[in-house]
Amino acid sequence: LDFETKRTHSLLLEAVNKYVDPQFENLRSFKDWTSVRVTVKDIDEPPEFTSQANMIDVQEDTRVGSVISSITARDPDLINSPIRYSIDRNTDLERIFNVDATTGEITVAKRLDRETAGWHNFTVIAMEADNHAQMTKTSLSVRILDVNDNAPELSMPFEAAICEDAKPGQLVHTVSVVDKDDPQGGHHFYFTLAPEAADSRHFTLWDMKENTAGILTHKNGFNRQEQDIYFVPILVVDSGPPALSSTGTLTVRVCGCDRDGTIQSCSATAYVVSTVLSPAALIALLVCILILIVFVLLILTLKRHRKGHMISEDEEDMRDNVIKYNDEGGGEEDTEAYDMTTLRSLYDFTEVKAEGESVTPELHLLPQWFQNPDADFSIFRSFVCKKLEEADADLSVPPYDSFQTYAYEGTCSAAQSLSSINSLSTDSDQDYNYLSDWGPRFRQIAGLYSGNQADDGS
């Protein structure tokens, strides 16, 4: 049903009784008619596009702001609400095109480039101005037509090599061209030597058709000693319109060859021309180089780690930095294990030399401490007695006293024993006057020993 096309519909309905009892057939007709009128109510419908062109052709050099097409839509409802147009930016992220919200005109917002993108597809939305929920979408495709705006260029490689004994007319290199443009009639290029090389007596150019050209030798033989590199400028022109041109330079090296014409060396260094590597061979070469680099880095890392580990072990192992002196009481070797003069210099010992004996310094006996009769030891005596009473009263300890046994040491040493046991017999023979020469730090102990020695003498 379409309210805008036909608002009412009239129907004539007939009802017939197909199964009539024969005894009532003569009474009357068993069917009836009635008319029915159907009224269609209007509802709000979305807009409808009236233009059917979904593909637009645009020249590549169309200026920004130019109108390339327009779309129209109408409201099929009786009230005929105004329509507003917009572009779904999810389909035109680069915002290359714009549409007028009122008229529906589509314009170019950015410069077009067929070599970058030859097609553009986006969606246009038409909606009622009074009710944005009522909308309709349509897709548009824009094809960019090519314009000759890119000059042709020589394709790789730009270097070639010839033998010194090359003959005239020998093909040196085949030149090919690349062009980003795509004219409808196809490419057609024209080759010639650049004006500065038009009168060259070394090389000539031969147009081989099919958009290629050959560089031929023009003289008989070359001499590397005179000139080992030649630069050949080549001018290439396309068919346009408009016709564009560019100049590329081909570098020709003069090389030494063997009898078979195989190149051995070029210039002063060895130069061998090999065939162009295939992509698979090039990838394999790159993989090998990468593996080699990784292997070298792994070796360097292991060496550095091992070196750092050894250094850390040396720093942690303190045994190498400890000097052990196990000479005390060892006998005749204890005075030769280290330099005794360093120790003697601190106390300024006097060397005693006896007649008929070798010059051997003798150490003074260590000073012995004598109790000063004027000293008060009552504090220490009371402390010892207190600890003794605590030990006797403590039931957790054994009921016996512990004792320590101190044996003699250094019986075979030239310095004799360091123990103070049985040393009282030699105290009277020891002269302690040298203690006063040790400085103010030993002044008090020198006074103690000097006073005891004076008492003993009296």
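**View 1. Strands β4 and β11 run parallel, joined by five bridges.** This is a predicted model, in which local features need pLDDT of at least 70, side-chain atom pairs count only at pLDDT 80 or more, and totals for chains, interfaces and linings use all residues. Residues are numbered from 1 along each chain as its sequence is written, and side-chain values use heavy atoms, with hydrogens and water left out. Strand β11 covers residues 135-145. I56 stands opposite V142 in β11. Strands (E, at least two residues) and helices (H or I, at least four) are DSSP runs, numbered from the N terminus. Two strands pair if DSSP finds at least two bridges between them.

**View 2. Four strands make an open sheet in the order β4-β11-β10-β7.** The pairing is mixed. Strands β4 (55-59) and β7 (83-87) form the edges, each pairing on one side only. From one strand to the next, the twist averages 30 degrees. Axes for such angles are lines fitted to C-alpha atoms, for helices over the stretch in contact, and angles run from 0 to 180 degrees between N-to-C directions.

**View 3. M127 is found in strand β10.** The strand spans residues 119-128. M127 is buried, because its relative accessible area is 15%. Buried means under 20%, exposed over 50%, and partly exposed in between (1.4 Å probe, protein chains only). M127 is in contact with P47, P82, I83, R84, S86, H132, Q134 and M135, leaving aside neighbours within four places in sequence. Contact means heavy atoms within 4.5 Å. M127 and P82 lie 45 residues apart in sequence, and 8.6 Å apart in space, C-alpha to C-alpha.

**View 4. A nonpolar patch on the surface includes L292.** L292 is found in helix α1 (residues 279-316). L292 is exposed, because its relative accessible area is 54%. The patch is formed by L282, L285, L286, I289, L292, I293, F295, V296, L297, I299 and L300. Together they have about 1000 Å² of accessible area. Accessible areas come from the Shrake-Rupley method with a 1.4 Å probe; for residues, only the protein chains shown count as cover. Patches are made of residues with over 30% relative accessible area and no salt bridge; nonpolar side chains (Val, Leu, Ile, Met, Phe, Trp, Tyr) are joined within 5 Å, like charges within 9 Å. A salt bridge is a side-chain nitrogen of Lys or Arg within 4 Å of a carboxyl oxygen of Asp or Glu.

**View 5. The protein has four helices and 20 strands.** Of its 458 residues, 23% are buried. The accessible surface comes to about 33900 Å², and 54% of that belongs to carbon and sulfur atoms.
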